[in-house]
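Hi there,

Here is the structure I promised to send you. Please open it and keep it on screen while you read the rest of this message.

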Amino acid sequence: YTDVLIDGNYAYLSSYSGLAVYDISDPSSPILAGGVDNIGYVRDLVIVGDYAFTACANQPVFVYDLNDPANPQFADVIPTPGYSYGITADGDHVYVADIRDGLRVLDISDPLNGFETGFCSPPNLIFQVALQGDYAYLVHKNDGFAVVDISDPASPVETGRLELSQNILDVAVDGDYAYVTTGSYDDLLVIDISDPTAPILH
């Protein structure tokens with residue numbers, strides 16, 4: 001499995017072939033309750049309300065209705081231009097880390113008719129995105145970290161960048177710091193993001 005999200009009494013796991021849904025109402029004995037097979041490599045997912053949005057590598061973003069949590073139903077597809085690798089959400093917008101085509105912003109105010117409303121294309125390979133306040137934080141697979149102002153989701157703008165030599169894979173943000181993982185088992189990098197125009201490696 002490539003990711004896991006908890007929503008109520010259910011855990012949603014993404015995998016190389018689809019989604020698996022586990023009933024975790026008894027945490028000591030999780031039960032496979034359902035899922036969706038044969039939809040390709042689900043690299044990441046996010047749940048907004050009653051819908052799951054999936055980043056499916058070289059496929060578009062698929063939307064699934066979770067009103068019956070153990071039996072997700074296909075609801076919509078939102079085209080993206082390249083290779084979606086990471087996905088997160090805030091309010092009526094989903095943010096997709098497209099490995100080849102930057103940060104893609106999707107309007108999901110109507111989850112059944114989502115569409116791309118904006119994008120920002122920093123150079124290099126975008127692997128993952130994290131959000132905090134008016135900013136998105138992107139990690140580049142080969143060499144870096146970027147900060148993007150998303151105060152206007154229709155027109156995101158890169159505000160700062162930090163070049164790194166490591167193979168960066170994931171990012172989490174808390175307060176004035178971003179924490180990024182690398183290809184090394186024992187490497188956690190801490191970045192000061194108190195000034196979004198000038199991130200600093202600690």
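Below are some notes on charged pairs and on aromatic rings. Please keep in mind that this is a predicted model.

Let's start with the charges. Side chains of opposite charge can pair when their charged atoms come close. In this model, the count comes to 2 salt bridges.

One of them joins the side chains of Arg104 and Glu116, at 2.9 Å from N to O. Arg104 belongs to strand β11 (residues 102-107) and Glu116 to strand β12 (residues 115-120), so this pair ties together parts that are 12 residues apart in sequence. Arg104 is buried, at 8% relative accessibility, while Glu116 is partly exposed at 30%.

Arg161 and Glu158 also meet in a salt bridge, at 2.8 Å from N to O. Here Arg161 is partly exposed, with 34% relative accessibility, and Glu158 is partly exposed too, at 24%.

Now for the rings. How many aromatic pairs does a search of the whole structure find? There are 6. Among them, Tyr16 and Tyr41 are stacked, because their ring centres are 4.6 Å apart and their planes are at 25°. Tyr16 sits in the loop between β2 and β3, and Tyr41 in the loop between β4 and β5, so the pair ties together parts that are 25 residues apart in sequence. Tyr16 is exposed, at 60% relative accessibility.

Tyr137 and Phe145 are stacked as well, with 6.1 Å from centre to centre and 25° between the planes. Tyr137 is buried at 3%, and Phe145 is buried at 0%. Finally, look for Phe62, Tyr64 and Phe74, which ring pairs link into a cluster.

Happy exploring!

Conventions. Residues numbered from 1 in each chain as written. Predicted model: local features only at pLDDT ≥ 70, side-chain atom pairs only at ≥ 80, totals over all residues. Heavy atoms only, no water. Salt bridge = Lys/Arg side-chain N within 4 Å of Asp/Glu carboxyl O. Helix = DSSP H or I, 4+ residues; strand = E, 2+ residues; numbered from the N terminus. Buried < 20%, exposed > 50% of the residue type's maximum accessible area, 1.4 Å probe, protein only. Phe/Tyr/Trp six-rings, centres within 6.5 Å; stacked < 30°, edge-to-face > 60°.
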